[in-house]
Amino acid sequence: MTDPTAYLSHLELGEPDKTFLDSNELIINMGPQHPATHGVLRVILKLDGEKVLGTECVIGYLHRGVEKIAEHRTYTMFNPYVDRMDYVAAVSNGLGYCEAVEKLLNVQAPPRANYIRVILTELNRLASHQLWLGTHALDIGAMTPLFYTFRDREEILKIFEKYCGARLTTHAFRIGGCLYETYDGFERDVKKFLDFVPPKIDEYEELLTTNRIWLERTKNVGKISAADCKALGVTGPVLRASGVKWDIRKAQPYANYSEFDFEIPTGVNGDTYDRYMVRMEEMRQSLRIIRQAVERIPEGPIMAKVPRVMKPPVGEIYHSIEAPKGELGYFIVSDGSTQPYRVRVRPPSFVNLQALDIMVRGALVADVVAVIGTLDIVLGEVDR
Amino acid sequence: MTPVATPFFFYLLAGLTLVSGILVITRKNPVHSALALILGLLAQAGLYLMLYAPFVAGVQIILYAGGIMVLFLFVIMLVNLQRSQREEQFNKQWLVGLVAAVALGALFVFVYIKGSTLFPANGPIPAENNNTQLVGELLYGQYMFAFEIASLLLLVAIIGAVVMAKKRI
Amino acid sequence: MLDYITSYLSMNTTPGQAGNVFWVVVYIMVVFGGVSVAVMAMNWLERKALAHFQIRLGPMRVGPHGLLQPIADAVKLFTKEDIIPSEADKLVFWIAPLIILCASFTVYIVIPFGPTHAITDLNIGILFMLGVSSLSVLGVVMAGWASNSHYPLIGSLRSSAQMISYEIAMGMAVISAILMTSLNKTGTGTLSMIGIVQAQQQQQIWFVFKFFPLGFIALGIFAIAMIAETNRAPFDLPEAESELTAGFHTEYSGLRWSLFMLGEYAAMIAVSSIAVTLWLGGWLRPFPNTLTGETWDLVFSLLPGFSFLALAAFAFIGVVRMPKHPYFRIQTIGLAGFGAVLGLIGLVLFIPPVRDRIQDIFWFVAKVAVFMYLYIWYRATFPRYRFDQLMKVGWKVLLPIAIGVLILTAIMGVIV
Amino acid sequence: MHEANTYLGQNYLVLDASITAEALRILRDEEQFDYCVDLTATHYPTREKQFELIWILYSFARNERIRVKTMIADGESFPSSVEIWPTTNWLEREVYDMFGIRFDGHPDLKRILLPDGWKGYPLRKDYGIIQQDQEWVQINLGIESGQ
């Protein structure tokens, strides 16, 4: 079916056999200190002039051993750690972890908690996409969208700050529900934000969507087919831009996503431009979900009955959610004690990053930057 | 316009040309050689200016220093320098080269001694402001045929270069 | 001696043509100083304007509204440690920024700020400008090669390919403007910068409107090519910071780096001056032939003074709006002083002998400033081209159009 | 096959190591599990076969997940599944990095998150949480200890 050699990404880094006049094969080290690798990613590029012959990613510069730490913390104590993985979408990480442990404990979060969770998670998805858009545009050379997106992301972070006191690594949810009741005016703030942000999204689109240079830089760049996506396990907007209508929020709904009405945007070509369009549309769909949630949010408790000392029964669970970057999964093995026996995080960025090689082969150096941007990786999550 | 310090500038520019010419053939590093060559070409442009030929000087700067030498550097930078530095600087044809250089030098000396009769020094100096115009008229009038032949030759060279460089057309 | 100095003042020509060494030196000093100040002002303006495009404030700390920021930056850069990489080719590394600087400043010899306000008037003026400004590519190539590092090397390769490619389209556009200068009774054109402006005065039309839209297209091509020539966004591939960190000057720091910047901004002003001279009537004020007469002359000659007074008024409005906190006292005084200086300049410009000599320069600078603002605007708006697309635009779009415009201009010149 | 079961609504298979590789291929080709979500391992030092390898599979067509588990002993290697799902390339490297399980036929099996010369496999239970490769730290970072 698929030829595995097509996906290999190791370079023969020995000295190339150079002839006198044909020695323009270059090995370039991009990163770990580089303005466009979104952190400490190191990509070794093999170039023929400007053309990319192959790449190899060297990762692990930000490895903190999160999975090892989990084995030495109780279930509750490990909760804040997951925020530090994908630090631009900390709320999503927390949601996935809490729901996984709730499943192990056989606890259901109360409806009001679920609504709060959905609102905050979707706000976080929006923030993550905004950050992605700004940095991606900056990589391609458009400076200005970065400041516009950061201005609007600020409003989301303000809501987070008012809700739980933290802006980035929020630790907003607890196992069994939410710790904090919404503050006075939470709904008003969210509704104000819902009215505030759609014109801003149009503004980003105005700067980029029909810009000739933007089109030339993104159309047919970093193409990946749906079959390649599935073979490489690529998920999230990248998969959807290749034409696969698959979103865990619809396919295997978690929290109370099944109660909301929203579309899954898809692309056709699977190029950088489609991924851009998919994410832009996803921002609008998130707003739709938030609007429904904030209008229907019920009264009631926000915390389920959870034992003070959590000792889930022996067993294991895999629970995954649709994080802004793709499928974020938690595989937790419990041995009946207060500490998880093994926590495995299935990070979307890590798996998506594998596709970099086949996406940029034969392209130019500038495309590598564009593709790294469009994959939307966060090195905290890749390296854990 | 009255010239200023003419002998001084002449000897300065001539000296620069000579020194850079020597540097071109003695430098081990090809990039240094190319840079010395650029210096020599610029000094020559200065000499043209002193001969009241500003158009030639301008063309010299644009074409040689700005265009051709940049391409030279371009190629040299891509070439494996370590290997070229290992190679011998003077190859086996140095004897022939020496003979040619001596012959050329003899010619120059001969012209210098006898030249005053061959090239009268007091020929009419064309007015400065229509110098460019004269060049144009000569190029497109009297020497039209030679000019067209030269351009054809260049066209052939361009096509040849494309054919050689491009693997698939 | 004094006679020698004053003798020039009565002449109606440039000091270079008059052969007056004293005034040549004075002009060189003035132009060098003026361009350096303009580069600093441009630096401040770019940061400020770019910031306002991007909903930021830009420099605000050093001096009122960050007015002293360029000076602070200069001091910082001059006192920074000068690092030469150990593997670099020291001599070439050392020379490269100087070449760029020399190339971009030498160009100013022939820029006509007014009919007599040029250091000299070469009869190959435009050729000289193009030639010398193309030399700056040597500095870029040398810097990239001498750094002995991959990013600068790729940056300089890109840069040299780009500059050579766009020079051709640029040259074609320039030639079409030069063709227009020959459309007079004698049928002889000129390459002299002053001559080109005078030709526009004679023909009573800026070349941008000549044979509309031919002149306009030629200016467009030149305006695009000049951005590529000076390596500015959206053609800033040689120093694309998201791909090549900083391109050919990655390994440079401190003073040497600032020389690169100085050269870049000086080159930007220089090529904008070419565009203004060739197509926008150089030093000529708007409508020099239709709005004639005493009153119009007076109105236009008063404009420079009024514009400086307007700037002074802006400064004073800023003074009034400054917070009344002791912390801001020095800033307020500084801004008031700045406004006073601007106002004084404006008043000086009202003195009749001064305003007659100066207003040429004012119009020239105003037109160049429009181009400088466009540079900033492009940078705020456009993403960056990719290398192959850049080459495609240069060779497949601009060059054919430029050749077409050239041929059409020639045909029109014969017909009309 | 040892066990086919459902826990908390999630299906899993526990297979013998000898048939697992083949079973994975069958799951992909015949049961349409065309997306390998994750490959990981768990260390049980007390068991005879210390390592449990876990594949989490998903089928787009059936919208269904399944876990495949198998046991292997310390020092044993396992056939690589890169040819079945190319995505397991990095996942297998990570398992090798963290547990020291070798995969036969993997095109480029080397450490991925930890530096190349690192000694020890951190996610094994006998690897302490503050333990580190002192030698590597001293040589490469020039400091006595990374703590």
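## A walk through four chains

The axes of helix α2 (residues 75–83) and helix α3 (residues 90–105) of chain A come within 8 Å and cross at roughly 150°. Each axis is a line fitted to C-alpha atoms over the stretch in contact, and the angle runs from 0 to 180 degrees between N-to-C directions. Helices here are DSSP runs (H or I, at least four residues), strands are runs of E (at least two), and both are numbered from the N terminus. This is a predicted model, in which local features need pLDDT of at least 70, side-chain atom pairs count only at pLDDT 80 or more, and totals for chains, interfaces and linings use all residues. Residues are numbered from 1 along each chain as its sequence is written, while chains are lettered from A and ligands numbered from 1 in the order in which they are written.

Back to the helix pair. α2(A) and α3(A) are roughly antiparallel to each other. That word covers angles over 145 degrees; under 35 is roughly parallel, 65 to 115 roughly perpendicular, and the rest oblique. The crossing of α2(A) and α3(A) is right-handed. Right-handed means that the near helix is turned clockwise from the far one by less than a right angle; anticlockwise is left-handed.

Which residues of α2(A) meet α3(A)? They are A:Tyr75, A:Asn79, A:Val82 and A:Asp83. Their partners in α3(A) include A:Tyr97, A:Cys98 and A:Val101. Two residues are in contact if their C-beta atoms, placed from the backbone, lie within 7 Å. The residues of this contact divide into six nonpolar, three polar and one charged. Ala, Val, Leu, Ile, Met, Phe, Trp, Tyr, Cys and Pro count as nonpolar; Asp, Glu, Lys and Arg count as charged; the others, Gly among them, are polar.

Now take chain A as a whole. Its secondary structure comes to 15 helices and eight strands. The radius of gyration of chain A is 21 Å, close to the 21 Å that the globule rule gives for 384 residues, so chain A is as compact as a globular protein of that length. The radius is taken over C-alpha atoms, and the rule is 2.2 Å times the number of residues to the power 0.38. Along its principal axes, the C-alpha trace of chain A spans about 75 × 50 × 40 Å. Of the 384 residues of chain A, 57% count as buried. Buried means 20 or more other C-beta atoms within 10 Å of the residue's own; 12 or fewer means exposed, and in between is partly exposed, with C-beta atoms placed from the backbone. Among contacts in chain A with a separation of 6 or more, 70% join residues 24 or more positions apart.

Next, a few single residues. A:Gly65 sits in the loop between β3 (51–58) and α1 of chain A. A:Gly65 has 18 other C-beta atoms within 10 Å, so it is partly exposed. A:Gly65 and A:Arg384 are 319 residues apart along the chain, yet their C-alpha atoms are separated by 6.2 Å.

A:His171 has a positive phi of about 50° although it is not a glycine. A:His171 lies in the loop between α5 (144–164) and β4 (173–174) of chain A. Why does A:His171 count as partly exposed? Because it has 19 C-beta neighbours inside 10 Å. D:Asn63 also has a positive phi, near 50°. D:Asn63 is in the loop between β4 (51–59) and β5 (64–72) of chain D. With 11 other C-beta atoms within 10 Å, D:Asn63 is exposed.

Where do chains meet? The contact of chains A and D takes 34 residues from chain A and 29 residues from chain D. On the side of chain A, the elements that each supply at least two residues include α1 (66–70), β6 (315–323) and β7 (326–334). The largest share, four residues, comes from β7(A). The side of chain A that touches chain D divides into 14 nonpolar, 11 polar and nine charged residues.

Chains C and B touch as well: 24 residues of chain C are in contact with 22 residues of chain B. On the side of chain C, α6 (125–134), α7 (136–146) and α8 (150–181) each supply at least two residues.
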